[in-house]
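Hello,

Here is the structure for you to look over.

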Amino acid sequence: QELGPIWHVLVGVEFVAKTAVNRRNFVMGRAGKLQIACFQHEQIKQWGYLGRVDWAKVLKVLPYFLVMLFCLGYMTFESMCKDEKTPTSRGSVTTWVRRHVCRDTWERDMNVLGAVALGFFFMSQASNRSR
C-alpha cells in the first residue's frame, strides 16, 4: 500500500539539508537563529532487494570484478587442470575440481572471460571520458 507524500521537517541552529531527489514543496525559513526546513517527497516503490541496488555503481565495478575473476580463475585452472598426472590423495579438493570443473576447453573459456572483462573495462573507460 502506498504511503503517499512524506513530510520531513528539519529544525536547528546550523545544518545543511540534503534533500531527496524527488522532493517537492521545499520551504526554508528562519526564526532568529533557528533554521526551519520542510519538504515533501513520494515513497518510491521498490522491487525487493533489486530496488535498493545502485546499478550505476554495479556497472562501474563490473569491469574490475571480471578482471579479478579472470586472473583468479586462470591461476586456479592453470595450477589444477594443466598437469593431470600429479598424484593427489583421494577425496581432496584438487581431485574434485579436476573431476567436475577441468575440461579440455578451460583455456578457451578463460580467454573468453578475459576478453569480455577487457571489453567491459575499455567500454567503461570510454564512457567515463565522454562525460
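Of the 131 residues in the protein, 20% are buried. Please keep in mind that this is a predicted model. The exposed surface comes to about 10,700 Å², and 63% of that is supplied by carbon and sulfur atoms.

The protein contains three helices and three strands, and their order from the N terminus is β-β-β-α-α-α. Among contacts with a separation of 6 or more, 51% are between residues 24 or more positions apart.

One residue I looked at is Gln-40, which sits in strand S3 (residues 34-42). Its relative accessible area is 7%. The cut-off for buried is under 20%, so Gln-40 counts as buried. The side chain of Gln-40 also has a polar contact, at 2.5 Å, with the side chain of Asn-25. Leaving out residues up to four places away in sequence, Gln-40 touches Pro-5, Ile-6, Trp-7, Asn-22, Arg-23, Arg-24 and Asn-25.

The other item is helix H2, residues 93-100. Which residues of H2 are buried? They are Thr-95, Val-97 and Arg-98. Viewed down the axis of H2, these buried residues lie within an arc of 165°, so they line one face of the helix. Helix H1 (55-81) is part of what covers them. On the face of H2 turned away from the buried side are the exposed residues Val-93 and Arg-99.

Regards

How values were computed:
Residues are numbered from 1 along each chain as its sequence is written. This is a predicted model: local features need pLDDT of at least 70, side-chain atom pairs count only at pLDDT 80 or more; totals for chains, interfaces and linings use all residues. Side-chain values use heavy atoms; hydrogens and water are left out. Buried means under 20% relative accessible area, exposed over 50%, partly exposed in between (1.4 Å probe, protein chains only). Helices (H or I, at least four residues) and strands (E, at least two) are DSSP runs, numbered from the N terminus. The arc is that of the directions from the helix axis to the C-beta atoms. Contact means heavy atoms within 4.5 Å. Accessible areas come from the Shrake-Rupley method with a 1.4 Å probe; for residues, only the protein chains shown count as cover. A polar contact is a pair of N or O atoms within 3.5 Å; within protein, one must be able to donate a hydrogen and the other to accept it, and residues adjacent in sequence count only if both atoms are side-chain atoms.
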